[in-house]
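Welcome! Please take a moment with the sequence and the 3D view before reading on.

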Amino acid sequence: MESASLKSKRKHSPYVYLLIIIVAFLTAGFCQYRMQPILTYIMQGMSIDEAQAGYLISAVGILGVVLSVPFGILMGKIGPRKTGLLSFVLIIAGSFVGVAGISNYYVMFVSQFIVGGGICAFSVLCPYIIACVFVPELRGRANGLYITAGTIAQLIMYNLIPRITSVDNVAPAWWLTIIYTVVIGVIWMVFITDDVAPPMIAEPAEGDQAKPLKISVLATLKDPKVLQLSIGGLAFMMSAMAVLSFTPTYLVMDRGYDQVTASGIVSVAAIVGAVSTAVGGWLSDALHTRKWIYFAALIWMAVSRFLIILLPSGFGLTLVIWAQGLPAVCMGLIYTVAGEQFEPEKTSVGISTVNTFIGLGGLIATALFGVLVAAVDYKMTFSIFGIITLVGLLGVFTIKGVK
């Protein structure tokens with residue numbers, strides 16, 4: 001994927017760049033989880049129900065579905081550095097729109113729409129940078145550590161946001177992400193260069209110059225491995241996003257918990273998720289298996305949807321909600337398998353295709369969950385998503401050649 005001369009130009013350890021990727025991806029996580037902990041505040045302030053709230057949360061994934069493949073092609077041409085800078089611009093611009101229309105449903109929908117484009121770009125470029133700077137034997141743990149950014153962001157936002165906002169003023173959640181994004185954007189501009197992760201180039205023959213890899217979009221989209229991983233990622237993200245997004249509201253509306261307590265309980269899943277992705281990625285390298293770790297995590301994910309509605313309020317229910325973080329390891333494994341199974345000329349578009357389906361899963365998830373709750377109830381909705389989770393087995397677990 002890269003030449004020896006490019007490797008020699010790097011000034012820092014791969015783990016330095018991984019740390020920058022993690023703190024940068026926190027930006028996307030902050031934007032993705034700033035609304036869920038205070039969803040009841042937003043519903044009250046805008047006078048909307050669960051279905052409309054679900055649409056509002058899912059709006060952040062609309063551009064991700066539309067732009068993921070184009071971002072993959074763009075990144076292959078201009079490189080992750082410029083793609084990342086574009087992402088920061090979209091997130092900052094979209095967040096300012098959110099501040100301007102903090103109590104207006106339609107303006108906030110547009111804000112979510114724009115921010116989603118920035119999140120989409122990060123989801124495409126971060127796994128590619130890891131593939132550039134880490135050798136294959138270390139990519140499992142690197143992707144596992146990178147994915148912890150999402151769970152860390154959830155932990156921070158679910159505990160911090162209810163404490164800095166009120167039903168009358170939720171704007172601090174948006175200002176927090178704007179300030180953080182500006183700071184990290186400067187760090188990105190300084191450290192992430194084309195020497196670190198260049199536009200996709202082919203290894204030159206002796207005496208020849210490096211040439212851009214020809215990216216075959218159609219061939220990539222027809223690749224069975226890309227399709228299997230995409231469908232598996234879609235089902236996984238549908239289940240993960242819907243349950244994590246609505247569990248605080250479920251605990252408040254159906255179980256009688258207060259907002260801070262409900263958000264605090266769900267936030268512990270982020271701690272578990274961070275440990276799960278880091279340790280799970282390391283284990284997948286050490287045990288030389290991606291498939292069986294993925295299988296175990298996904299089966300637990302499906303079973304736990306039923307336990308949430310069957311267990312009475314108390315420590316047992318709390319423990320199951322905390323353990324919602326365990327399946328987070330699946331996301332890192334999906335990206336690791338993508339980097340290992342896709343041919344070099346298909347990597348950029350292949351990962352972006354997987355991201356398209358993952359984004360579609362997030363887009364469908366909260367909207368569908370909210371509509372189902374409004375139409376039936378929370379118990380039936382959790383049961384349906386328990387079944388949907390099993391479709392995720394079409395991903396990592398069923399791809400031939402994955403150990």
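## About the model

This is a predicted model, in which local features need pLDDT of at least 70 and side-chain atom pairs count only at pLDDT 80 or more, while totals for chains, interfaces and linings use all residues. Residues are numbered from 1 along each chain as its sequence is written, and side-chain values use heavy atoms, with hydrogens and water left out.

Let us begin with the cavities. The structure holds two cavities of 30 Å³ or more. A cavity is a set of points, on a 1 Å grid over the protein atoms alone, where a 1.4 Å probe fits but cannot get out, and its lining residues have an atom within 4 Å of a point. Grid points are joined across faces, edges and corners, and a volume is the space filled by probe spheres set on the points.

The largest cavity has a volume of about 690 Å³. Of the 39 residues that line this cavity, Gln 32, Tyr 33, Met 237, Met 241 and Met 331 lie nearest its centre. By class, the lining has 22 nonpolar, 16 polar and one charged residues. Here Ala, Val, Leu, Ile, Met, Phe, Trp, Tyr, Cys and Pro count as nonpolar, Asp, Glu, Lys and Arg as charged, and the others, Gly among them, as polar.

The second largest cavity has a volume of about 60 Å³. Among the residues lining this space are Pro 127, Arg 139, Asn 143, Tyr 335 and Ile 351. Helix H7 (105-133), H8 and H15 each supply at least two residues of that lining; helices here are DSSP runs (H or I, at least four residues), numbered from the N terminus. Five nonpolar, three polar and one charged residues make up the lining.

## An open space

What is the volume of the largest pocket? About 250 Å³ of space lies there. A pocket is an open set of grid points with protein on both sides within 12 Å along at least five of seven lines. The largest pocket has 13 lining residues, and Ser 284, Asp 285, His 288, Arg 290 and Glu 340 lie nearest its centre. Helix H8 (136-164), helix H12 (259-286) and helix H15 (329-341) each give two or more residues to this lining, with the largest share, three residues, coming from H15. The lining divides into three nonpolar, five polar and five charged residues.

## How helices pair up

Now for the helix pairs. The axes of helix H2 (residues 14-33) and helix H9 (residues 171-191) come within 10 Å and cross at roughly 155°. Axes are lines fitted to C-alpha atoms, for helices over the stretch in contact, and angles run from 0 to 180 degrees between N-to-C directions. H2 and H9 are therefore roughly antiparallel to each other, since angles over 145 degrees count that way, those under 35 as roughly parallel, 65 to 115 as roughly perpendicular and the rest as oblique. Residues of H2 that meet H9 include Tyr 17, Ile 20 and Phe 30, and those of H9 include Tyr 180, Ile 184 and Trp 188. This contact (heavy atoms within 4.5 Å) has 12 nonpolar, three polar and no charged residues.

The axes of H12 and helix H14 (residues 315-322) come within 7 Å and cross at roughly 45°, so the two helices are oblique to each other. Val 268 and Val 272 of H12 and Ile 321 and Trp 322 of H14 are among the residues making the contact. Seven nonpolar, one polar and no charged residues take part.
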